[in-house]
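Reader: I would like a close look at one part of this protein, the aromatic rings. Please take me through them step by step.

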Amino acid sequence: MNLNNIKQMKNLDPGRVADSIGLLSEQIKDTMKQAESLKFPPAYKKIDRVVVNGMGGSNLGARIVASVFKDEAKVPILIEPGYLVPAYVDQNTLYIISSYSGNTEEPLSTFAEAKKRGAKITGITEKSQKNKLAEIFKKEKLPIFVFDPRKNPSNQPRLGVGYAIFALLAVLARSGVIKIDQREVTRIIDSLKKNNFQLDLSVIDRKNLAKQIAQKIHGKEIILVGAEFLAGNLHALRNQFNETAKNFAAYLVLPDLNHYALEGLAHPASNKKDLIFIFFASDLYHPRLKKRLRLTEEIARKNKIAALEVKLESQARLGAAAELLQLGSWLTFYLALLNKINPAEVKWVDWFKKKLA
């Protein structure tokens with residue numbers, strides 16, 4: 001696969017994955033516009049925690065938001081995917097059911113129990129004809145953010161994370177959990193537009209960071225490493241490597257990994273051949289974490305395991321998260337092409353859902 005051959009790349013992308021990635025800035029702008037009419041009852045501000053139930057691509061935005069705003073949110077933001085409602089969910093909980101399609105069985109199955117507990121329930125979902133979540137909320141007369149995903153032509157939830165992040169931010173802002181700095185949002189949109197001119201299909205590999213990284217990690221098992229406010233991004237990027245590139249990836253978070261993972265690098269012996277670490281650095285990390293990242297990278301190399309370091313340029317946390325989301329989306333797209341597969345297809349996920357039905 002030649003990453004400088006635009007026609008060859010587009011032939012492998014009938015699902016318009018590249019188009020969705022290139023529209024990340026427009027997804028954010030569009031979401032903020034659609035959120036202007038969003039209203040919540042005053043009672044929805046009387047909460048002591050937020051719980052988000054969403055699966056796969058529908059909880060990526062929540063994980064990024066929870067990490068970025070961990071020390072700014074007025075109450076904890078907890079991610080609890082699955083069929084069960086945690087025991088601590090009560091009348092003081094903002095319970096958010098997040099389902100891009102509106103038909104994901106796990107979060108939908110929790111609605112009745114959350115309502116029984118007296119939780120303040122809301123939802124985030126796309127505008128579509130057959131959307132069970134939207135129908136339930138309409139019947140129950142509960143507030144919900146139904147966004148039109150017109151800037152995600154691939155219709156893949158993992159590629160509509162711009163909607164997911166900023167839809168959740170809008171919901172949390174209306175509930176008094178966080179404050180949105182509109183000037184920062186504008187800076188993020190402008191920065192993403194500028195960065196996209198350096199990452200998209202038309203930019204040759206020697207000038208395209210995403211293409212360069214994809215070529216270096218091709219054929220490897222990928223370990224992502226970062227810290228603090230980027231923990232949610234690592235989770236999202238791991239998912240995109242799996243779903244988009246069809247390539248195994250895992251992630252480790254500093255400083256916790258320093259207390260166990262370092263001793264696991266020696267074996268099996270194939271680690272030296274199979275693994276590659278990608279370290280994401282930022283000026284915004286705690287000073288001790290900056291040193292930990294450098295030392296961890298050094299230990300990987302001492303174990304003869306390949307390692308790359310990617311330095312994020314943004315000097316604001318939400319901006320850095322958006323920067324990594326954009327870079328990671330392009331990176332996993334190019335790796336999919338190097339793996340000679342359609343980045344939109346998720347044949348095993350589809351097979352599993354069919355068999356589970």
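**Aromatic rings**

Author: In this predicted model, Tyr100, Phe145, Phe147 and Tyr163 form one aromatic cluster. Counted by ring centres within 6.5 Å, the aromatic pairs come to 11.

One of these pairs is phenylalanine 229 with tyrosine 285: the ring centres lie 5.9 Å apart and the planes meet at 55°, so the pair is tilted. This pair links distant parts of the chain, its members being 56 residues apart. Phenylalanine 229 sits in the loop between strand 6 (221–227) and helix 11 (231–243), while tyrosine 285 sits in the loop between strand 8 (275–281) and helix 13 (287–302). Phenylalanine 229 and tyrosine 285 are both buried.

Another pair is tryptophan 348 with tryptophan 351. Here the ring centres are 6.1 Å apart and the planes stand at 70°; an angle over 60 counts as edge-to-face, so that is the name for this pair. Both tryptophan 348 and tryptophan 351 belong to helix 15 (residues 347–356), three residues apart, or about one turn of the helix. Tryptophan 348 has 59% relative accessibility and therefore counts as exposed. Tryptophan 351, with a relative accessible area of 45%, is partly exposed.

As for the setting, the protein chain has 15 helices and nine strands. Of its 357 residues, 53% are buried. Among contacts with a separation of 6 or more, 78% are between residues 24 or more positions apart.

Methods
Residues are numbered from 1 along each chain as its sequence is written. This is a predicted model: local features need pLDDT of at least 70, side-chain atom pairs count only at pLDDT 80 or more; totals for chains, interfaces and linings use all residues. Side-chain values use heavy atoms; hydrogens and water are left out. Helices (H or I, at least four residues) and strands (E, at least two) are DSSP runs, numbered from the N terminus. Buried means under 20% relative accessible area, exposed over 50%, partly exposed in between (1.4 Å probe, protein chains only). Contact means heavy atoms within 4.5 Å. Rings of Phe, Tyr and Trp (its six-membered ring) pair if their centres lie within 6.5 Å; planes under 30 degrees apart count as stacked, over 60 as edge-to-face and the rest as tilted.
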